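Q: I have a structure open and would like to go through a few spots in it. Can we start with the terms?

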Amino acid sequence: MPAAHPTVVVVGASLAGLLAAPTAARAGHPVTVLERDALTGPPGPRRGVAQGAQPHVLLHRGLAEATTLLPGLGEDLLAAGAVRVDTGRLPWFGPAGWQPTDVPSYAVLSLTRPLLEHVVRERVLALPGVGLRGGCRVRGLERAGGRWRVLVEDGPDEEADLVVDASGRGSRLPTWLAALGLAVEEPETVDAGLGYASRLYRARDGHPLTNGAVVQSTTDSPRGGLALPVEDGGLLVLACGYGEHRPDRDVDLVAYLGGLREPALGELTAGLEPVGEVAVHRQTGNRRHQHGRRRDWPDGLLAVGDALCAFNPVYGQGITVAAIQARLLGEALRRRRGGSTRRLQRRLRAAADLPWAVATGEDRRYLDGTTPSPAARLVGAWTTEVGNLAVAGDRRALVALGRLYHLMGSPLELAHPALLLAAARRRRGPAQPSAPRPPELEALLTAAHG
């Protein structure tokens with residue numbers, strides 16, 4: 001990587017691209033972001049973000065990392081209408097029933113994806129040294145005297161010392177690399193065939209809804225759903241299913257959610273006023289490129305975000321991983337060490353190791369014809385046991401699962417000796433009755449029905 005203030009071009013104004021730009025700019029490097037969509041007017045869905053109508057949250061780790069990159073971002077998002085949700089108070093119906101809601105956990109910010117992108121984009125473009133070219137489609141890369149030439153359709157090309165591909169799941173970087181004569185390895189993929197259908201709702205009396213609920217799918221009942229509060233008092237409701245259970249655009253969300261193993265979301269949605277149409281999303285497979293593993297990885301080229309590793313969005317990990325990668329990029333640029341970017345690309349890829357293991361480990365359970373390894377079966381069985389402890393009210397289990405979900409802790413925390421003892425005691429003791437619906441859910445139902 002060039003040592004002295006390289007010019008940086010970021011391909012894609014995705015959240016991964018927007019978070020990468022300020023790290024480079026603050027290290028003293030001029031940055032140009034190239035985005036194929038025209039980014040004008042108020043927040044709204046855009047073609048380049050297929051999942052834009054689905055619920056989004058910033059996990060606690062993601063919010064912390066993004067706030068380090070853009071100080072005050074959390075306050076800006078709240079001022080724009082984001083809703084703070086304590087995930088410990090969020091009603092969650094897991095495989096073993098309702099989790100307790102009396103143990104506070106990490107807070108997340110819930111808002112629509114267009115508003116999130118709008119606020120982040122406004123913050124990034126206000127920084128000195130950052131420019132944006134909207135309506136700009138990149139068609140390839142060329143080497144130009146030790147630098148890169150980014151080839152652009154219907155406009156002037158851009159030259160750069162460092163190119164960061166943040167163009168998402170639709171990244172054409174493998175094609176561009178092949179055109180340069182470089183070997184490209186096939187990405188690793190795990191696709192459980194999950195599909196979503198979402199719709200925005202509001203209370204009929206205009207009362208703002210400030211909490212949500214989750215009904216988790218299981219291998220025995222491969223349908224689930226969730227509802228999360230968003231700006232302007234709305235509630236974004238999602239139905240999801242695997243394989244033949246995927247909802248389509250014509251789905252009756254009230255009936256679909258009412259048919260889950262816990263019908264609370266159907267009861268909730270029935271009392272609300274729908275806003276807009278149902279939006280469907282099926283690009284949910286996990287896909288991890290091998291960028292940086294080969295020794296011939298070219299200097300001055302990096303991939304981040306979904307262009308490097310895309311997760312099943314149901315786990316909410318993508319934005320957080322992109323924020324971690326942006327921090328790693330900034331640290332490398334501030335050190336200004338010369339040489340290859342290959343080592344940095346490998347570090348960016350390694351940032352996804354734990355989220356990848358979590359997402360693919362869960363999704364593989366829904367794949368037909370697959371036989372998990374003994375180690376995978378053991379991990380799955382123990383994770384289920386820790387989940388049972390959490391439902392039974394074990395505080396350590398609740399905290400450990402929360403830390404892992406928010407990428408704040410290590411999976412080793414699930415193997416704490418105290419949890420092993422608690423599991424043994426639970427198995428020896430009498431069966432515990434199923435917990436009733438938490439009061440937070442009853443309060444939400446009351447608010448929804450007026």
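A: Buried means under 20% relative accessible area, exposed means over 50%, and partly exposed is in between. Keep in mind that this is a predicted model.

Q: OK, so is Trp92 buried, exposed or partly exposed?
A: Trp92 has 22% relative accessibility, so it counts as partly exposed.

Q: How many aromatic pairs does the structure hold?
A: There are three aromatic pairs. One of them is formed by Trp92 and Tyr405: the ring centres are 6.1 Å apart and the planes stand at 75 degrees, so this pair is edge-to-face.

Q: Why does that angle make the pair edge-to-face?
A: Because planes over 60 degrees apart count as edge-to-face, and here the planes are at 75 degrees.

Q: Where do Trp92 and Tyr405 lie?
A: Trp92 is in strand β5 (residues 92-94) and Tyr405 is in helix α12 (residues 395-405), so the pair ties together parts that are 313 residues apart in sequence. Tyr405 is partly exposed, with a relative accessible area of 33%.

Q: And what about Tyr242 and Tyr366?
A: Their ring centres are 3.8 Å apart and their planes are at 5 degrees, so that pair is stacked. Tyr242 lies in strand β17 (residues 235-242), while Tyr366 lies in the loop between α10 (353-363) and α11 (374-391), so the pair ties together parts that are 124 residues apart in sequence.

Q: Are those two buried or exposed?
A: Tyr242 is buried, at 8% relative accessibility. Tyr366 is buried as well, with a relative accessible area of 12%.

Q: Switching topic. What is the strand order in the open sheet of three strands?
A: The order is β9-β10-β11, and the pairing is antiparallel.

Q: Which strands stand at the edges?
A: β9 (138-144) and β11 (158-160) do; each has a single partner strand, so one side of each is left without a neighbour in the sheet. On average, neighbouring strands of this sheet are turned by 25 degrees against each other, direction ignored.

Q: How many bridges join β9 to β10?
A: Six bridges join β9 to β10 (residues 147-152). As for residues, Glu142 stands opposite Arg149 in β10.

Q: What does Arg143 lie over?
A: Arg143 lies over the face of Trp148, at 4.1 Å from the ring centre.

Q: Last one: where is Ser14?
A: Ser14 is in the loop between β1 (8-11) and α1 (15-26). Ser14 has a relative accessible area of 15%, so it is buried. C-alpha to C-alpha, Ser14 and Gly140 are 18 Å apart in space, and they are 126 residues apart in sequence.

Terms used: Residues numbered from 1 in each chain as written. Predicted model: local features only at pLDDT ≥ 70, side-chain atom pairs only at ≥ 80, totals over all residues. Heavy atoms only, no water. Helix = DSSP H or I, 4+ residues; strand = E, 2+ residues; numbered from the N terminus. Buried < 20%, exposed > 50% of the residue type's maximum accessible area, 1.4 Å probe, protein only. Pairing = 2+ DSSP bridges. Axes fitted to C-alpha atoms, helices over the stretch in contact; angles between N-to-C directions. Phe/Tyr/Trp six-rings, centres within 6.5 Å; stacked < 30°, edge-to-face > 60°. Lys NZ or Arg CZ within 6 Å of the ring centre and 35° of its normal.
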